[in-house]
Amino acid sequence: MTIPSRTSLNGTHVVVLGGSSGIGLATALAAKTMGAHITIVGRTLEKLRRAAAEIGGAETVVADMANRKSIEAVFAGISRVDHLVITAGGVHAGKLADSDPDKLLAEVNEHIAGSLYAVKAALTRMPPTGSIVLMGGQFSDRPSGNGTSVMALACRGIEALARSLALEFKPIRVNVISPGFVETPLYNVFGKEGRTSLLTHAANTLPVGRIGRPDEIADAVLFLLTNGYMNCEVLHIDGGGRFV
Ligand SMILES: NC(=O)c1ccc[n+]([C@@H]2O[C@H](COP(=O)([O-])OP(=O)(O)OC[C@H]3O[C@@H](n4cnc5c(N)ncnc54)[C@H](OP(=O)(O)O)[C@@H]3O)[C@@H](O)[C@H]2O)c1
């Protein structure tokens with residue numbers, strides 16, 4: 001049997017947790033363009049509805065990565081998942097000296113535990129040709145000392161998790177996308193000035209001289225979904241940000 005090196009998304013069902021905004025929305029849009037049926041998941045119904053309209057048609061489900069039952073309920077209503085993409089999550093900054101460790105750990109869990117809930121629930125609905133993309137990030141490789149330790153922990157944990165899951169659930173492929181700074185609503189939590197200052201500084205520091213766009217990250221996610229030999233990989237797309 002010859003296995004195609006590039007699989008088509010045409011007719012597949014792609015579920016994007018976090019698909020109502022930023023990288024997840026761009027991924028859902030790109031997958032839709034390639035002929036996939038799309039389900040997007042997030043906590044806010046209004047955002048999901050707006051995103052579904054932008055995508056040009058998508059199922060929408062409200063759920064919270066921090067709540068196991070709500071994530072399990074997402075998949076209870078779905079019979080087949082060809083590809084699972086998890087981009088749901090926020091930005092969690094805080095120096096350990098100034099923060100409650102339990103709060104920091106809860107934020108790690110939004111990524112780690114939420115991904116475990118979703119992967120476990122999705123796997124029983126995935127064909128052998130299925131694949132999963134989890135979300136890491138540049139802080140895994142590029143510590144800052146500026147209150148990003150929790151994000152570093154979550155990102156590195158996701159990388160370790162993905163590799164092990166790929167072996168446990170073979171032949172389903174599991175990969176990680178590790179973005180650097182990307183222009184999305186994620187940074188709105190820092191306020192208008194804080195966001196501008198952070199992203200301007202990052203753009204000036206990066207070798208490429210600018211922040212990434214969500215569609216550039218989506219392009220990398222789609223490569224991981226459709227290249228049948230990509231497995232156990234952490235694909236960095238950060239404008240060279242790990243090295244400056
Ligand atoms: N942008 C960057 O520079 C960057 C860099 C490295 C890594 N990342 C990671 O990439 C992922 C996507 O980031 P983004 O920039 O695309 O952010 P974004 O534009 O803020 O989108 C986040 C998406 O996740 C959903 N979400 C957030 N928390 C959730 C939760 N607890 N349960 C379910 N859904 C949740 C949001 O919808 P609701 O708010 O309605 O739930 C939204 O759809 C995040 O995990 C982020 O940490 C981003």
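One definition before we start: a helix axis here is a line fitted to C-alpha atoms over the stretch in contact, and the angle between two axes runs from 0 to 180 degrees, taken between N-to-C directions. Keep in mind that this is a predicted model.

Start with α1, residues 22-33, and α7. Their axes come within 8 Å and cross at roughly 60 degrees. Angles from 65 to 115 degrees would be roughly perpendicular, and under 35 roughly parallel. So α1 and α7 are oblique to each other. The crossing is right-handed.

Who makes the contact? From α1, we have Gly22, Ile23, Ala26, Thr27, Ala30 and Ala31. From α7, we have Pro214, Asp215, Ile217, Ala218, Val221 and Leu222. By class, that is nine nonpolar, two polar and one charged.

Now the second pair: α3, residues 68-76, and α4, residues 101-123. Here the angle is about 30 degrees, and the axes are 9 Å apart. That makes α3 roughly parallel to α4. This crossing is right-handed. Arg68, Ile71, Glu72 and Phe75 in α3 meet Tyr117, Ala118, Ala121 and Ala122 in α4. Count by class and you get six nonpolar, no polar and two charged residues.

On to the cores. As a rule, in soluble globular proteins, nonpolar side chains tend to be buried together. In this model, the largest nonpolar core has 35 residues. Which members touch the most others? Leu17, Phe75, Leu84, Ile132 and Leu134. Elements giving two or more residues to this core include β1, β4, β5 and α5. The largest share, eight residues, comes from α4.

Take a closer look at Leu84. Leaving out residues up to four places away in sequence, Leu84 touches Phe75, and also Ala118 and Ala122, among others. Its partners also include Val15, Leu17, Ile132 and Val133. Apart from this core lies another, of 26 residues, among them Val16, Leu48, Ala51 and Ile217.

Last stop: Arg210. Where does Arg210 lie? In the loop between α6, residues 191-205, and α7, residues 214-226. Its relative accessibility is 37%, so Arg210 counts as partly exposed. Not counting residues up to four places away in sequence, Arg210 touches Ala203 and Glu216. Ser197 is 13 residues from Arg210 along the chain, and their C-alpha atoms are separated by 13 Å.

That's my tour. Questions, please.

Terms used: Residues numbered from 1 in each chain as written. Predicted model: local features only at pLDDT ≥ 70, side-chain atom pairs only at ≥ 80, totals over all residues. Heavy atoms only, no water. Helix = DSSP H or I, 4+ residues; strand = E, 2+ residues; numbered from the N terminus. Parallel < 35°, antiparallel > 145°, perpendicular 65-115°, else oblique. Left-handed = near helix turned anticlockwise from the far one by under 90°. Contact = heavy atoms within 4.5 Å. Nonpolar A, V, L, I, M, F, W, Y, C, P; charged D, E, K, R; others polar. Core = buried A, V, L, I, M, F, W, Y, C linked by side-chain atoms within 4.5 Å. Buried < 20%, exposed > 50% of the residue type's maximum accessible area, 1.4 Å probe, protein only.
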